[in-house]
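This briefing goes through one structure by topic. The sequence and the model come first, and the notes follow.

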Amino acid sequence: MSTLITKLERWDDLSADEREVLEALSLHIRVFEAGAEVVRQGARPVDCCLLLSGFAVRATHLSDGGRQIGAIHIAGDFVDIHSFVLKLMDHSITAVTRCEIALVPHATIRKLCDEFPHLARLFWLTTAVDGAVHREWLAAIGRRSAEGHLAHLICELYLRLKDVALVDGLTFPLPFTQALMADVLGLSAVHVNRTVQKLRGRGLISWEAETLKILHWDRLVELGDFNDTYLSRFKVAR
Amino acid sequence: MPRYFFNIHDGTDFPDREGTVLPDYAQARSDAVNLAGNAIIERGDAFWTTPQDWSLEVSNEAGEVLCELRLATTERKQ
């Protein structure tokens, strides 16, 4: 829960009451092993999944067996808080690594929103930022070069992980296979591999043993044409 | 699973030293088409002005070339 609080407080201060009610939530925690499906496309969830640790993705599945990953989620993310209002899942959620997930009942979300309108606005903000991330990804998949797209994604993940204190300098865990990256970037695994090699060759990153290290932040930002406005990384009354 | 190497010959590309692990040759052949398409899209208009022909070779770990995809441009006078 502290990671969610850290994440929300990146955007706006929480009152003592708001912090207290979040810390006092009795959480039903479930562990999902790497590769496990957390929520099925087409499901009617009664809980929202708050990711406590690990990496999870939202994916849209096509009838021919293909899939497109539409979002990567990290600790502190309410992966499907939108399911509270949408009711029926149009996409799946899958654990990429071992994930600890707190299942927060929709009834609890409703109660929090009724009693703490400021928390409701911050939950709304999380879905607005998720939407902004989708727009950036759409622009990247449609208009950026493969190198620019990968550079942009690395910049985004780095800042999101940094904001919940999960980076070490310019190094962070990235336990994704090239096949998974292919489903994120909309490329073939071969093209992902070549694109990673190009970024390595330019001296921008190293990516060994599931750990990514940014070697040259400014040049990576330039290559990815990256601007963090869409992540709304500032504190203001919301 | 076998490892395949995808080398683009266009006078500027780098050699694929790492290769990519793929389920089988059929997947490698399919990915070659995808890669070739994306690679020339990234090249953009410069693809027309590259003097030499463009090719993509897929080889196995033994260094044997399994297939080759060639593209050539010809601009007719307008």
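## A buried tryptophan, a helix and an interface

Trp54(B) has a relative accessibility of 4%, under the 20% cut-off, and therefore counts as buried. The model is a predicted one.

**Trp54(B) and its surroundings**

- Trp54(B) lies in strand β3 of chain B.
- Beyond its neighbours within four places in sequence, Trp54(B) is in contact with residues including Ile8(B), His9(B) and Asp10(B).
- Its contacts also include Ala36(B), Ala39(B), Ile40(B) and Arg43(B), as well as Phe47(B), Leu69(B), Arg70(B) and Leu71(B).
- Trp54(B) and Ala36(B) are 18 residues apart along the chain, and their C-alpha atoms are separated by 9.5 Å.

**Helix α1 of chain B**

- Helix α1(B) runs over residues 25–43, and its 19 residues should span 27 Å at 1.5 Å a residue; the end C-alpha atoms are 26 Å apart, which agrees.
- Buried positions in α1(B) are Ala28(B), Asp31(B), Ala32(B), Leu35(B), Ala36(B) and Ala39(B).
- An α-helix has 3.6 residues a turn, so residues three or four places apart point the same way.
- Val33(B) and Ile41(B) are exposed, on the face of α1(B) turned away from its buried side.
- In chain B, the buried residues of α1(B) pack against β1 (3–9), β3 (54–59) and β4 (65–71).
- They also pack against α8 (189–201) of chain A.

**The interface of chain A and chain B**

- Twelve residues from chain A and 16 residues from chain B take part in the contact.
- The two chains bury about 1,200 Å² between them, with 50% of it on carbon and sulfur atoms.
- Of the area that chain A buries against chain B, 48% is supplied by Val190(A), Arg194(A) and Gln197(A), more than by any other three residues.
- Six residue pairs are in polar contact across the interface, counting pairs with both residues at pLDDT 80 or more.
- On the side of chain A that touches chain B, α8(A) gives the most, with eight residues.
- One salt bridge is found across the interface.
- The side chains of Arg200(A) and Glu18(B) meet in a salt bridge, at 2.5 Å from N to O.

Definitions and conventions:
Residues are numbered from 1 along each chain as its sequence is written. Chains are lettered from A and ligands numbered from 1 in the order in which they are written. This is a predicted model: local features need pLDDT of at least 70, side-chain atom pairs count only at pLDDT 80 or more; totals for chains, interfaces and linings use all residues. Side-chain values use heavy atoms; hydrogens and water are left out. Helices (H or I, at least four residues) and strands (E, at least two) are DSSP runs, numbered from the N terminus. The expected span of a helix is 1.5 Å times one less than its number of residues. Buried means under 20% relative accessible area, exposed over 50%, partly exposed in between (1.4 Å probe, protein chains only). Contact means heavy atoms within 4.5 Å. Buried area is the accessible area (1.4 Å probe) that two parts lose on being put together, summed over both. A salt bridge is a side-chain nitrogen of Lys or Arg within 4 Å of a carboxyl oxygen of Asp or Glu. A polar contact is a pair of N or O atoms within 3.5 Å; within protein, one must be able to donate a hydrogen and the other to accept it, and residues adjacent in sequence count only if both atoms are side-chain atoms.
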